[in-house]
Each structure stands twice: as C-alpha cells, then as structure tokens.
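Have your viewer ready and the selection panel open. We will walk along the place where two chains meet, one selection at a time.

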Number of protein chains: 2
Amino acid sequence: MSGAMRKSAPFRVLLDMDCVLADFEGNYLKCFREKFPNEPFVPLADRRHFYISDDYKKFEEQSPDILSKARSVYETPGFFGSQPPIEGALAAAKEISGLTNVEVFLCTSPLTKTPGVHHDIMEKLEWTEKHLGMDWVKRVIITKDKTMVHGNILIDDRPKIKGVLKPLPFKHILFTASHNRHLDLRATTAAERLDNWTDGSWQTLVEKYMKLM
Amino acid sequence: MSGAMRKSAPFRVLLDMDCVLADFEGNYLKCFREKFPNEPFVPLADRRHFYISDDYKKFEEQSPDILSKARSVYETPGFFGSQPPIEGALAAAKEISGLTNVEVFLCTSPLTKTPGVHHDIMEKLEWTEKHLGMDWVKRVIITKDKTMVHGNILIDDRPKIKGVLKPLPFKHILFTASHNRHLDLRATTAAERLDNWTDGSWQTLVEKYMKLM
C-alpha cells in the first residue's frame, strides 16, 4: 500500500458517563431531597468539589450522619440507572461516532469505596443499552484508572485525571459540571473546556483535535 | 534527573479473568449437568471452540433447544460469582503484582449477546473483592475490546484477540484451557502459551518479557 493510500489511525474519543452523558448532579440532588427532606442540602450553584461528600462536610455539626446519608443516595440500587441523559449528549455521541475515521468509547469508573456495592456498574450497562442500544454496550470501558485506556481525547468532568500512565496519554477536555464550573483550567489536567452538547462547540473541538493528531 | 536515575516505565501485565483466574470451564460443566441432567453435554476433554455454543451445536438434532439451554447456564445470576479460582492463580496474581516496577490489571469482557443480561459484570467485581480484596476491584478493567487497554502482556485463554488497535498493542500469551489445548499457536494471535500457575513457568515468562521491553 502506498503512503498516500494508507489509512491513518482512527481518532479515538473517550466519553465519560456521569456528568457528561448522564445528569448525575441533577439526579443526585433530586434523589437526596426526596430521601432526606429534612436534611440540609447543597444546591447545584453551591457545588465546589468533585466528591459530593466534600461539599456535605460543612453540615456535619448540625447533622452528624450527613456523610453516610449523602453517600447512601448514589449507593442505593436504581440511582445510576435512573439518571436522565444530559441535553444533547446522546445525539452528540451518535454524531461523533458516525464521523469518518472516528471511534467512540464510553469510559467510566466503578464505585470502589464501599465493599459489596457493585450494582452501579450493572446499571451503567443497562443505562447504555436503554439510551444508546446494545451496540454501545460493547463500547463501554469500565476502569478506575482511565489513563490505562488508549484514546486521543477524554471528555470528562473530573478536574484532575490521575492514573499509572504519566503524562496523560490523551488530551483531557473538561466537561463543565456544577462542581467544576468555578475552576481555573490551570487547577485541572484539562487542555480546555466543553460547556455543553447543544451549542455546536463540540464539533469545532473534535475537528481541532483530529487535525492536531 | 539524569538518564541513569530515570525510573523506567512500569511493566504492565493484563490478566484475563474467566479461564485464567476463575475456573469457568469446570464450573460451566458442573452447572450445566446440575441444571440439565438429561441433556447431552461436552466433557472438558472434548471442548474445541472458544464459544461454548459452537461445541453444543452438534446436539441440536437430538435436542433442538440445546443452544438456549447452554447459554442459560452462564446467563443465570450467580454463575460468574460462583466460579472457583484456578489453582495457583490468586497467589500468582499477587506475586506478579508485588514485583518491582510491575503493575497488574484484570482485564475482562462483559456478556453482550442478550439484552438485559448485565449482572455478570457485577459478579466479577464481587468475585474480585471476595478472592483478592477491594484494592483489586480498582484494578479491574471491563471492556469488550481489550486492544483499547495499555499493557505489555495480556494473559488470556481466547485464541484470537481482536479489536480496533492493530497490530495488537501488547504481547498475547495464551493461557491453556480445555477449549484451546488442541490449537497450534499459528492459529492464534499468541506469542506463546502459559499452561498453568503452579509449575513456576509464569516467573520465567514475566522475566523474559520484562527484559524484552
């Protein structure tokens, strides 16, 4: 095959699930308030930390078991499966996946704090099947360490991506979520932000990184 | 940091779970015979194909629903969690993980054939927690496409590893299982075989590939 004929390596987009495709933050607040109507809560505008428990610590004096209550919300079976999709996310995922020479994988972390709590992962596959179809279940990669995954860009709401591969083997794009909205990018591992799936900016972003490959 | 001082990149070992750490084959046969005592079955010595259904097709004339029965065994909740560890596998995994400059990840595929069947993944995390501990749950990577995972060697019983990254981004070591025992390595993607975890050959193998890195 001549050089001109050689097909270039596909551009691989890794999409985080919670807060990128699935509305974890909105669902969390709704479920927390339903489950604990008499407890204090953190409105979305006041979220500041990636881990919810870090934001609920301020209530510990008035409500000593607030952290276990806060954790129980997302550890309750059904929580992950019930998350509504983020506006425009599913259409964007399908569009990216349909681009020439682009491959999309969903890249998500399991809960690992509480022994015996592993249903979250099953529900994420059920969520994927329900909202995107069985073909997409084959594109889910579940890993605590996302640096172990081959990819060109990772779109993820977590401010700092950490893992065994250093430097990061992909460009990290910070998807804006209520907990990271206030952050300067220099306090993150991200190269830039993606604010939403609806204003057309993801197309510009994907094109830009495909050219940089 | 001087060149002499620079720490070399860790050597990454990816271990498949079914038929490498967990005795899928033995457990399958036991569960099949318990569930369908009047059906014909394939003894371990007669296994020839990676997919069990390919070996049970020969019974279709005498038992028309044999394939759905065969599939139902591993699709029944509890099957994956109940697998006994393969002899020496857990000790070897811990030993490999304890080697200097070596990192171990468990790399396993979800069932993706039957809509709604996703409990297998939850049970694999439960299995890992039970037999290796919570720290190892953080080292599980669940993916249909193992080529998407960074690693130096993958120890896997599947004869042909396929995925979006070509050529394979790691050396594939074929772990011997009843379904692949008869295969010439030229019919596989593997560089060599590992027959068991008990005769000391894994140490030689890991040392060899660490030197080749």
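Start by selecting chain A and chain B together: across their interface, nine residue pairs are in polar contact, both residues at pLDDT 80 or more. A polar contact here is a pair of N or O atoms within 3.5 Å, one able to donate a hydrogen and the other to accept it, and residues adjacent in sequence count only if both atoms are side-chain atoms.

A word on the ground rules: this is a predicted model, with local features needing pLDDT of at least 70, side-chain atom pairs pLDDT 80 or more, and totals for chains, interfaces and linings using all residues. Residues are numbered from 1 along each chain as written, chains are lettered from A and ligands numbered from 1 in written order, and side-chain values use heavy atoms, without hydrogens and water.

Next, select the residues of chain B that touch chain A (heavy atoms within 4.5 Å). The contact takes 33 residues from chain B and 33 residues from chain A. Now highlight His118(B), Met148(B) and His150(B), which supply 25% of the area that chain B buries against chain A, more than any other three residues. Buried area is the accessible area (1.4 Å probe) that two parts lose on being put together, summed over both. For the two chains it comes to about 2900 Å², 71% of it on carbon and sulfur atoms.

Finally, go to strand β3 (residues 140-143) of chain A, joined to β3(B) by three bridges and antiparallel to it. Strands are DSSP runs (E, at least two residues), numbered from the N terminus, and two of them pair if DSSP finds at least two bridges between them. Click Ile142(A): opposite stands Ile142(B).

Note on methods
Helix = DSSP H or I, 4+ residues; strand = E, 2+ residues; numbered from the N terminus.
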